[in-house]
Amino acid sequence: MSHYEEWVDDGPVVRSYALTRGRAATSAPLDLLSVVAATGALIPANADLGREHRRLLELIPRSRQVAEVASEADLPLGVVRVLLGDLLDHGLILVRPPAGGGYVPGADQSPAPPPSESILREVITGLRAL
């Protein structure tokens, strides 16, 4: 058995660019901590959404962070951002920035204030405890 064969999964391998149709970015303001949730709206008949889009919708019946969705879907974060951007464009999800407030498509979004020093210290302490 070659070294390559040891690391190949049993299932079919689908490249990231195939899932996103060659796109590497989205215009939607999605970062790791953005919170997404399905709107419950019906998928439009003209929406060209694939199996992975529908899978993401199933993962977010309630609010979840983008990082959680990517982890649960077992997909790279960049791919999940592009797919969630597609869902947002079709009005199938809502996006809330991590610092609160609602996302309004097409509206200017002011940047979130930086986290407080105490929060950053807690994060560092937590990381060191790992």
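Me: In what order do the elements of the protein chain run from the N terminus on?

Reply: A few conventions come first: this is a predicted model, in which local features need pLDDT of at least 70 and side-chain atom pairs count only at pLDDT 80 or more, while totals for chains, interfaces and linings use all residues. Residues are numbered from 1 along each chain as its sequence is written, and side-chain values use heavy atoms, with hydrogens and water left out. Helices (H or I, at least four residues) and strands (E, at least two) are DSSP runs, numbered from the N terminus. Here the order is α-α-β-α-β-α-α-β-α, comprising 6 helices and 3 strands.

Me: What percentage of the residues in the protein chain is buried, and what is the accessible surface?

Reply: A residue is buried under 20% relative accessible area, exposed over 50%, and partly exposed in between (1.4 Å probe, protein chains only). Of the 130 residues in the protein chain, 27% are buried. Accessible areas come from the Shrake-Rupley method with a 1.4 Å probe, and for residues only the protein chains shown count as cover. The accessible surface of the protein chain is about 9,100 Å², and 55% of it belongs to carbon and sulfur atoms.

Me: How do the strands form a sheet, and in which order?

Reply: Two strands pair if DSSP finds at least two bridges between them. The 3 strands form an open sheet in the order E2-E1-E3, with antiparallel pairing. Strand E2 (64-65) and strand E3 (93-96) stand at the edges with a single partner strand each, so one side of each has no neighbour in the sheet. Strand E1 (residues 35-38) pairs with E2 over 2 bridges, and Val-36 stands opposite Arg-64 there. E1 and E3 pair over 4 bridges; Ala-37 has Leu-94 as its bridge partner in E3.

Me: Which residues of E3 form its covered face, and which its uncovered one?

Reply: Ile-93 and Val-95 form the covered face of E3, whereas Leu-94 and Arg-96 form the uncovered one.

Me: Which residues have the most contacts inside the largest nonpolar core?

Reply: A nonpolar core is a set of buried Ala, Val, Leu, Ile, Met, Phe, Trp, Tyr and Cys residues joined through side-chain atoms within 4.5 Å. The largest one has 23 residues, and those with the most contacts inside it are Leu-30, Val-36, Leu-56, Val-80, Leu-84, Leu-87 and Ile-93. Helix H3 (51-59), helix H4 (66-73), H5 and E3 are the elements that give two or more residues to this core. H5 gives the most, with 6 residues.

Me: What does Leu-87 contact, leaving aside its neighbours within four places in sequence?

Reply: Contact means heavy atoms within 4.5 Å. With those neighbours left aside, Leu-87 is in contact with Leu-49, His-53, Leu-56, Leu-57, Leu-92 and Ile-93. Asp-86, in helix H5 (residues 77-89), counts as buried because its relative accessibility is 10%. Under the same exclusion of neighbours within four places, Asp-86 is in contact with Arg-23, Leu-49 and His-53.

Me: What is the phi of Asp-74, and is Asp-74 buried or exposed?

Reply: Most residues other than glycine have a negative phi. Asp-74, which follows H4, has a positive phi, near 60 degrees. This residue lies in the loop between H4 and H5, and Asp-74 counts as exposed because its relative accessibility is 68%.

Me: Is Ser-34 buried or exposed, and which residues does Ser-34 touch?

Reply: Ser-34 lies in the loop between helix H2 (16-19) and E1, and it counts as buried because its relative accessibility is 1%. Not counting residues up to four places away in sequence, Ser-34 touches Pro-29, Arg-64, Gln-65, Val-66, Val-95, Arg-96 and Pro-98. The C-alpha atoms of Ser-34 and Gln-65 are separated by 5.5 Å, although these residues are 31 residues apart along the chain.
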